[in-house]
Amino acid sequence: MNEARLRRVLGEGGEEHTEKAINSRVSRAARAEDALGMDLDYVVSDDDRMYRALIKLRDSGLNRTDNLMNALRWYYRAINGKAFPRLTAYERGMRPE
């Protein structure tokens, strides 16, 4: 995971976050990486892989209140510059723009 890039993206632009919020998102991203057992850069580099990772987190029982899934989505946005669609939208064929 490219922690420095995630911190930079979270700290800039129109959605500036507090240091506490940034630390929390970075920590959750690291927990998601541990739960998935693979580097988040690898996960977010392919949309189908991203979809499967979100499903795995959802079904793992570790994803209390969607924290890990949201962290993975934040990381995807930080690296790819776009949001990943909802799971149901992706299943219907919608792809990130």
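## A guided tour of the protein chain

The model is a predicted one, in which local features need pLDDT of at least 70 and side-chain atom pairs count only at pLDDT 80 or more, while totals for chains, interfaces and linings use all residues. Residues are numbered from 1 along each chain as its sequence is written, and side-chain values use heavy atoms, with hydrogens and water left out.

Next, switch to the cartoon view. The protein chain holds 6 helices and 0 strands (DSSP runs numbered from the N terminus: helices are H or I with at least four residues, strands E with at least two). The radius of gyration is 13 Å, close to the 13 Å from the globule rule for 97 residues, so the chain is as compact as a globular protein of that length (taken over C-alpha atoms; the rule is 2.2 Å times the number of residues to the power 0.38).

Now select helix α5, residues 67-80, and within it Arg73. Is Arg73 buried or exposed? Arg73 counts as buried, because its relative accessibility is 17% (buried is under 20% relative accessible area, exposed over 50%, partly exposed in between; 1.4 Å probe, protein chains only).

Finally, select the partners of Arg73. Apart from neighbours within four places in sequence, Arg73 is in contact with Met50, Leu54, Phe84, Pro85, Arg86 and Leu87 (heavy atoms within 4.5 Å). Across the protein chain, buried residues make up 37% of the 97 residues.
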